[in-house]
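Here's a quick tour of the spaces and the packing in this one. Have the model open while you read.

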Amino acid sequence: VFQSIPFFIAFIGLEFAVSWVQRRKLSGRINDGISSLSLGILSRLPDVLFRSVDLISYIYVWNNYRLFELPWDSPWTWYLTLLGVDFAYYCFHRISHEVNILWAAHQIHHSSEDYNLFTALRQSVLQKYTSWIFNLPMALFIPPSVFAVHLQFNLLYQFWIHTEVITNLGPLEWILNTPSHHRVHHGRNPYCIDKNYGGTLIIWDRIFGTFEAEDAKVVYGLTHPVNSFDPIMLQLRPLAHIWNTFWATPGFCNKLSVIFKGPGWGPGKPRLGLPEEIPVITGKEVPFNPSVPAYLNCYAVVHFAVIVDLYTELLGTVTMLSQGTILLRIFFIILSLTSFGLLLENR
């Protein structure tokens with residue numbers, strides 16, 4: 001992922017150019033774009049301090065509990081791992097929408113009201129600390145090196161599908177997760193809710209009944225928009241909402257249901273809530289877009305570029321820095337990203 005950053009930047013520039021040619025309109029906004037990139041940087045900062053929990057847990061199970069070892073140089077091992085990693089992602093992704101405490105982390109990725117390549121980088125700090133569990137069955141027989149490659153590939157593949165400039169890919173739509181399928185997944189239209197969970201492949205959704213083709217114009221974001229660009233608030237507010245609901249809900253079993261049932265659940269409702277309670281889309285929805293002076297937007301862009309440079313330099317030199325220096329730089333980056341969010345909200 002780190003080595004792919006230049007390609008991310010190049011494709012974002014290409015998306016802007018194609019969007020301008022197609023619609024005479026840029027594919028994103030400064031405030032939402034900086035918010036998405038800030039959340040992306042924030043989500044990767046723990047990797048500066050800690051090793052990947054995905055790989056640590058996987059290697060531990062491989063070393064101690066593997067049943068047999070598939071040959072790492074067999075093409076069939078690679079094909080099987082492609083399917084295994086993608087199926088594990090489907091399972092985790094689906095449960096992240098259907099279990100409230102997991103949705104509290106995952107909903108950050110859905111909080112943008114734009115849909116572009118910036119959105120792909122909008123990630124949760126906490127999500128990676130639960131997804132690793134779903135990969136462990138593969139550690140019983142698939143070598144860690146093969147797993148690690150496919151874990152990265154699955155993540156990188158999902159970058160390019162966050163765009164509106166690609167419409168339909170014909171027969172590939174039957175097998176692959178495409179921009180059209182993933183636009184549905186990011187929609188808050190009632191027909192889009194809890195659909196198209198696939199990572200690389202869309203076959204799992206077709207098999208398990210969670211597939212939905214793109215139909216009416218998709219309106220993006222959460223059913224109840226957060227209306228903020230503050231990366232810390234976006235990370236913490238969903239958890240605060242669960243905390244407050246937990247204490248306000250009577251009965252021990254109901255309190256547990258607040259945590260482990262769907263985000264739309266309430267006493268007397270089905271596990272995933274009532275579909276009729278999903279807000280109706282009128283087509284007149286206006287994205288959160290506070291008006292700020294042009295000079296403030298320019299300042300935010302320039303200063304954000306400085307922070308990105310500091311962040312990439314931190315990643316490249318982390319093994320040569322003291323722990324205190326690393327922590328100070330992380331604190332400065334978080335402080336700066338939070339400041340950008342507040343400035344772009346006119347706060």
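## The second largest pocket

On a 1 Å grid over the protein atoms alone, a pocket is an open set of points with protein on both sides within 12 Å along at least five of seven lines, while a cavity is a set where a 1.4 Å probe fits but cannot get out; a lining residue has an atom within 4 Å of a point. Points are joined across faces, edges and corners, and a volume is the space filled by probe spheres set on them. Keep in mind that this is a predicted model, where local features need pLDDT of at least 70, side-chain atom pairs count only at pLDDT 80 or more, and totals for chains, interfaces and linings use all residues. Numbering runs from 1 along each chain as its sequence is written, and side-chain values use heavy atoms, with hydrogens and water left out.

The second largest pocket comes in at about 1,100 Å³. It has 41 lining residues, with W103, T223, H224, P263 and G264 nearest its centre. Two elements give two or more residues to that lining, α6 (100–106) and α12 (231–248); helices are DSSP runs of H or I, at least four residues long, numbered from the N terminus. The top contributor is α12, with 5 residues. By class, the lining splits into 19 nonpolar, 17 polar and 5 charged (Ala, Val, Leu, Ile, Met, Phe, Trp, Tyr, Cys and Pro are nonpolar, Asp, Glu, Lys and Arg charged, and the others, Gly among them, polar).

Searching the whole structure turns up 1 cavity of 30 Å³ or more. R29, D32, E113, R122 and F288 are among the residues lining it, and the lining divides into 4 nonpolar, 4 polar and 4 charged.

## Nonpolar cores

A nonpolar core is a set of buried Ala, Val, Leu, Ile, Met, Phe, Trp, Tyr and Cys residues joined through side-chain atoms within 4.5 Å. Buried means under 20% relative accessible area, exposed over 50%, and partly exposed in between, with a 1.4 Å probe and protein chains only.

The largest core has 19 residues, and I41, L45, I333 and L337 touch the most other members. At least two residues each come from α2 (30–44), α14 (294–317) and α15 (323–344). Apart from this core lies another, of 11 residues, including Y58, L70, V85 and F147.

## A look at A213

A213 sits in the loop between α11 (203–208) and α12. It counts as partly exposed because its relative accessibility is 39%. Setting aside neighbours within four places in sequence, A213 is in contact (heavy atoms within 4.5 Å) with V184 and Y191.
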